[in-house]
Each structure stands twice: as C-alpha cells, then as structure tokens.
Amino acid sequence: MAAHSTGRRPFAWTEKKFHEDVLPYKRQLAAALQEVCRHLVVKTPEGLTLTHPTQAQAAAYLHVSETTLTRYLHGQRVPPQEGAIAILDRACRDAGGSQNVTVTKERLLELRTRAEQERCTNCSRHSDAVRAATHKLRELQEANDQLERSAAEQAQELGDLRQHAAALRQEVRRERTAQPVPASEAGPQMVRGASRPATLLPVPPHQADRQHVKNGASPTRNVGRRAEELLHGGRPDSTLALLRHTAEAYTPSEVALLVALLRAQGQHELTDNLVHIYARDHDDQDVVRAALVLHEQQAVADAQALLRTAASHPGPAASRG
C-alpha cells in the first residue's frame, strides 16, 4: 500500500540550484547524485512506500544526515568513495538493477575523483599559504629545539662554573687562614697605620744605624716626612732624585719603614724604585739590616726583592767592602 500522495512533484527536493562558485566537476557530481536519488524507493518504518518522500526521509533511508545529503546535492561537499557507492547501490536495488539507472558506477567514481582533485583559485592560494606556514612552523620548532638544547648546555656549564667558583673560594679562605698576610699586600693594620704616618711602625732603631744620632729625630718622623715629600713630588726626575737622596741619607731601618709605608699606601712604583736603588747602591750589611726590618714587619716580598736586587748588583757592595 502506497502512502498518501500530495500535489507536488515527486523528488522535487533533488532539483537543486548550484551557487556560482561551485566548480564544474563538483557541479557534475552533484547533478549525477541528484539523478541517482530519484531512483530511490523510500519506505516508512512500517514498510509503506512513500510516493513523495521528503529529503529528510530520504536521508534517513540512506543513513546520512539531512544536512550532509543537502551538501552532496548542492555540490558543496564531495562524498567519500564508500558513501557515493552506497547511495548508488541502494538506488540500483530499488530500481530493479543498475541497467535502470542512467548513472554508472564508473562514471560516478570518475566524477567523484575529479571533483576531489578540483581546486579553485582561492583554494590554491590557501593551500600555498598552508604549505608555507607549515614549513615556517617546522623551522620555528627546530629553532626552538636548538635553543632549548643550548639553554640546557649553558645551564649545565653555569652550574659547573658555580661549583668551581665555590671550590676556589674555599681554597682562598683556607690559604688566608693558614698563612699570615704580608705587609706588602697592604693588610688592615698597615692601611690603618698609613693614615697616621707620624706614628707608623714604632720599631726601635738599630744600634749601628748611621745618621740617627746626627739627625736627632726619631725614625718614624723622618719616614713620615719623607713619605709626604715623595707623594707630593712634582716631576718624575725630581722624584727620582729624592729617592736617591733618601736611599743615601736614611738608615736601613728608616728605609725599611719607608718601604712598608709606601707599599701600604699603594705607591707600588715608588716602592719598587726605592728598593732597587737602595739594594743597588748600598753594601751588603745595610741591605741585610733593611731586609731584617722588613721581615719583622711581615713585608716578606719586599725583603726578598731587596736581597735579590743586591745579589744581582755586587759591584758597589763589593767595592765598599
């Protein structure tokens, strides 16, 4: 028994109009599917044949959604190969055989393949843009991976350097604890004493020092005054002449105290010149006395420099001896 019919034409919903942007092969595929759907014999769940089935009923009969079927018939979407074959097979069975359907399977699959490969101008541009973006994304990912590896290596290197620095600090602390600080390295006591040159290094003068009785002044006052003269000297030639006069006129104890004072005040070039001049121009006994005072003041480095310089200039000392 057929279902009640209406006055409208059967399968009128298959007569879709195509939008102007639908490409040729998609248009042909959609028209072929429209023709195939007109051969369907749609039945109700009770088994009644519908003479004027709706699109929704046809979609349910084909086991697809109504929206999907609409897109197929409008050329807006290319059905998968299995879906296109299923629609054609159902229509051929309902029509009593494939010979009664004007669209063959070969033709339908050919149209579907061509429609799937068909690309509009916008699609081509979009495809190119997608490929370029994908390539750029791949490059950025590789660069990011490289940066992450480099950051990990640098973090490891920084950790190693920090451990090495910590070990060096511990070693320096151990060295400072184990060894006394020489006066030539401007220790705290020497720096504090440098601000008061008139009372610096109150060591007693040696009994055999010359010039002490003659001058009638304490060694510390002589040293402080001469240090001021050297520090406020003018031209290099006058400073050098003052150094030579100092080495000649001062006692070994006073020269040693002056060396320690200048070293504590950071006047390393003046100090080195004074050590060189005194060791070069004085006899061994005076050099040894000055070195002993420097050693008592823990200026070990300057005492050694004084002795080494005297040993390398034996001329004046030998002639006076």
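Mentor: Of the contacts in the chain (heavy atoms within 4.5 Å) between residues at least 6 apart in sequence, 67% join residues at least 24 apart. Mind that this is a predicted model, where local features need pLDDT of at least 70, side-chain atom pairs count only at pLDDT 80 or more, and totals for chains, interfaces and linings use all residues. Numbering starts from 1 along each chain as its sequence is written, and side-chain values use heavy atoms, with hydrogens and water left out.

Trainee: Why are H13 and H14 called roughly antiparallel?

Mentor: Helix H13 (residues 284-296) packs on helix H14 (residues 300-312) at about 165°, axes 8 Å apart. Axes are lines fitted to C-alpha atoms over the stretch in contact, with angles from 0 to 180 degrees between N-to-C directions. Under 35 degrees is roughly parallel, over 145 roughly antiparallel, 65 to 115 roughly perpendicular, the rest oblique. So H13 and H14 count as roughly antiparallel.

Trainee: Which residues of H13 and H14 meet?

Mentor: Val287, Val288, Ala290, Ala291, Leu294 and His295 in H13 touch Val300, Asp302, Ala303, Leu306, Leu307 and Ala310 in H14. That contact has ten nonpolar, one polar and one charged residues (Ala, Val, Leu, Ile, Met, Phe, Trp, Tyr, Cys and Pro are nonpolar; Asp, Glu, Lys and Arg charged; the others, Gly among them, polar).

Notes:
Helix = DSSP H or I, 4+ residues; strand = E, 2+ residues; numbered from the N terminus.
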